[in-house]
Amino acid sequence: DTKKMKTSLAIPVKKIAKSKLPEINFSNLAFGKVISDHMFVADYVNGEWTDLRIEPYASLQLDPANAALHYGQSIFEGMKAYKNEKGEILIFRGDANARRMNESAARMCMPEIPEEIFMEGLLQLVDLDRNWVPTGKGSSLYIRPFMFAMDNYIGVKPSDTYKFIIFTCPVGAYYSKPVNVKVETKWTRATEGGTGAAKTAGNYAASLYPALQAQKAGYDQLLWTDGKSHSKIEESGTMNVMFDINGTLVTAPTHTGTILKGITRDSVLQLAKDWGKPVEERFLTVSELVEAIENGTLKEAFGTGTAATIAHIAKINIEGKDYTMPSKGPEAFSHKVLAELDGIKYGEIEDPHHWIVKI
Ligand code: COI
């Protein structure tokens, strides 16, 4: 039976008849294929979130006129829970995800989800499915909160009704090896005034075709540039990107509204500042990047993301030319920051910024 938690919200639970857990091979977890037993669901009707519940993970029934399917009012989040050796479960910065989801909601004309519903739904769901949280560095429980329109209406307007769901997946690494990226100078992910900062389905849909072209050419991901001049580096498809140039950490700023405000991005910048490492949130131009590679001031390039964690970039293709990144020595900042983040996430070291909630 589930451990009773001290919670402010009473969420009814309908348990699965037979857990799928015994069928799962935890030693070989592909990212995002295995889904845990239960999900948290809430419905937005008549201007309020109602019918909060935890129930067995199952298919949904949708009307063919469901507005989300047609016009894309759909937003999501990604976060992770970790299990330490004591069997405690640690959730990393869930409150930041709740806030970001509400920023996405505002941009997409969707209702806010109160942080209390988001957090309680998530904590009680993860507690119920706590045996699904893998142990061991590099593995975790990926948590996917999302919200979408539920009106059945074919006119273009914001929906009046919505569904909010959280489900979870035990996962291993998203990228199992260093990634090769290609700087994209033709296609655009986001432009100023668009939806680039929102974690909304359409941004990902729009990126699929250009990313597929790059994958066919042998690259894992694109390095997006700004939509106007294609001269400034923005982010990658599944992660923000950072460059260590002569000891200074450089990453794109978020004020243009074209960059996803990564929570791993923010955490890495915070740790760098804590350590006194110079940080510059500014656009790195493609030509500056080429220059830094050629004159040896580029020490390393890496991606940051919840799914991707800290992903070393091995190769960057710029205007048809492949540049191999310097091999990463043990002193690399990305090693240090990954170790620090893992230490915090698995509860092994102090958590000075109160990023962890334990259940
Ligand atoms: C994440 O890192 O959580 C993401 O949402 C990126 C990707 C899996 C879509």
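Visitor: What radius of gyration does the protein have, against that of a compact globule?
Guide: This is a predicted model. With 359 residues, a compact globule would come out near 21 Å. The protein agrees with that value, so its radius of gyration is 21 Å.

Visitor: What does the C-alpha trace of the protein span along its principal axes?
Guide: The secondary structure comes to 7 helices and 17 strands. Along the principal axes, the C-alpha trace spans about 60 × 55 × 35 Å.

Visitor: How many of the residues count as buried?
Guide: A residue is buried if 20 or more other C-beta atoms lie within 10 Å of its own. Of the 359 residues, the share that counts as buried is 40%.

Visitor: Which residues of α5 are buried?
Guide: Helix α5 covers residues 263-274 and reaches 16 Å from its first C-alpha to its last. An α-helix has 3.6 residues a turn, so residues three or four places apart point the same way. In α5 the buried residues are I263, T264, R265, S267, V268, L269, L271 and A272.

Visitor: What covers the buried residues of α5?
Guide: The cover includes both helices and strands. Among the strands are β11, β12, β13 and β14. The helices include α2 (94-107) and α7 (333-345).

Methods:
Residues are numbered from 1 along each chain as its sequence is written. This is a predicted model: local features need pLDDT of at least 70, side-chain atom pairs count only at pLDDT 80 or more; totals for chains, interfaces and linings use all residues. Helices (H or I, at least four residues) and strands (E, at least two) are DSSP runs, numbered from the N terminus. The radius of gyration is taken over C-alpha atoms; the globule rule is 2.2 Å times the number of residues to the power 0.38. A residue is buried if 20 or more other C-beta atoms lie within 10 Å of its own, exposed if 12 or fewer, and partly exposed in between; C-beta atoms are placed from the backbone. The expected span of a helix is 1.5 Å times one less than its number of residues. Two residues are in contact if their C-beta atoms, placed from the backbone, lie within 7 Å.
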